[in-house]
Amino acid sequence: MKEELFEMFGRESSLPAEIIFSRLLGASVIACFIFLSYRISHEGSIYSKKFNVSLVVLTVVTATVMIVIGNNLAMSLGMVGALSIVRFRTAVKDVRDTVYIFWTIVTGICCGAGDYLVAAAGSAFVFTLLLLFGKIKNDSRVLMIIRGARANEEKVQALIFQYYSARATLRVKNTTETSVEFIYELNRKLIGQQGKTGKSITDEIYAIGGIEYFNIVTQNEDISS
């Protein structure tokens, strides 16, 4: 029994150089598709070339680790123990980045194990899904910040209700003895609409008088907003 356990834990798997290079090459080819997918689905300031290159390298590194581990159970357990002490504290700018990280790891594992069919088929499906849905963004929220004289408080509220009805939600209302500040949240599409007089909301707000400032701030989960 002891001899069997020793053989199971100590067994090494030496692969020919051709197989090693073919697995690394397969991981590199699929990593190029991951690179392309990330480049297409991320545009503007949210796109990080360094992160994209890191995805390619991560795929090859994972495949290399899988080749080294092979069928050696002892080495695999040791690798798990070594990696368990690693802490990644890099902030993820986009929730989709997590998907790409898992994609590269799974691809590296499949290629390192020599299962190219699963790696290629899975990557093709993921590539297609991200290509179709990668450009979908959440509808941007707009914060409308108005600060003016407290004497015009009711006029400002009446004007906002006249323009947007219940579609503008009052989030914050700050007051002092002489001034009042409103923070409304509404859909971005509503900002450009005209009132009954044909004027924009900006012109109507300042027409009330006593307005210190009128700011519009766009909020979105994506950094590019």
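1. Strand β2, covering residues 169-175, pairs with strand β3 through six bridges, and the two strands run in the antiparallel sense. Within this pairing, L170 has Y184 of β3 as its bridge partner, and the two strands make up a hairpin in which three residues lie between β2 and β3. Please keep in mind, here and in the points that follow, that this is a predicted model.

2. Strand β3 also pairs with strand β1, which spans residues 141-149, and here nine bridges join the two strands in an antiparallel arrangement. One of the pairs to look for in the structure is G148, whose bridge partner in β3 is V180.

3. How many of the nine residues of strand β3 are buried? Eight of the nine, in the stretch of residues 179-187, are buried, and β3 is therefore largely enclosed by the rest of the structure.

4. Turning to the helices, the axis of α3 (residues 49-69) and that of α5 (residues 96-112) come within 7 Å of each other and cross at roughly 30 degrees. Because angles under 35 degrees count as roughly parallel, α3 and α5 are described as roughly parallel to each other, and their crossing is right-handed.

5. Which residues bring the two helices into contact? On the α3 side they include F51, L55, L58 and M66, and these belong to a group that meets residues of α5, among them Y100, I101, I105 and I109. Sorted by class, the contact of α3 with α5 consists of 10 nonpolar, six polar and one charged residues.

Key
Residues are numbered from 1 along each chain as its sequence is written. This is a predicted model: local features need pLDDT of at least 70, side-chain atom pairs count only at pLDDT 80 or more; totals for chains, interfaces and linings use all residues. Side-chain values use heavy atoms; hydrogens and water are left out. Buried means under 20% relative accessible area, exposed over 50%, partly exposed in between (1.4 Å probe, protein chains only). Helices (H or I, at least four residues) and strands (E, at least two) are DSSP runs, numbered from the N terminus. Two strands pair if DSSP finds at least two bridges between them. Axes are lines fitted to C-alpha atoms, for helices over the stretch in contact, and angles run from 0 to 180 degrees between N-to-C directions. Angles under 35 degrees count as roughly parallel, over 145 as roughly antiparallel, 65 to 115 as roughly perpendicular and the rest as oblique. A crossing is left-handed if the near helix is turned anticlockwise from the far one by less than a right angle, and right-handed if clockwise. Contact means heavy atoms within 4.5 Å. Ala, Val, Leu, Ile, Met, Phe, Trp, Tyr, Cys and Pro count as nonpolar, Asp, Glu, Lys and Arg as charged, and the others, Gly among them, as polar.
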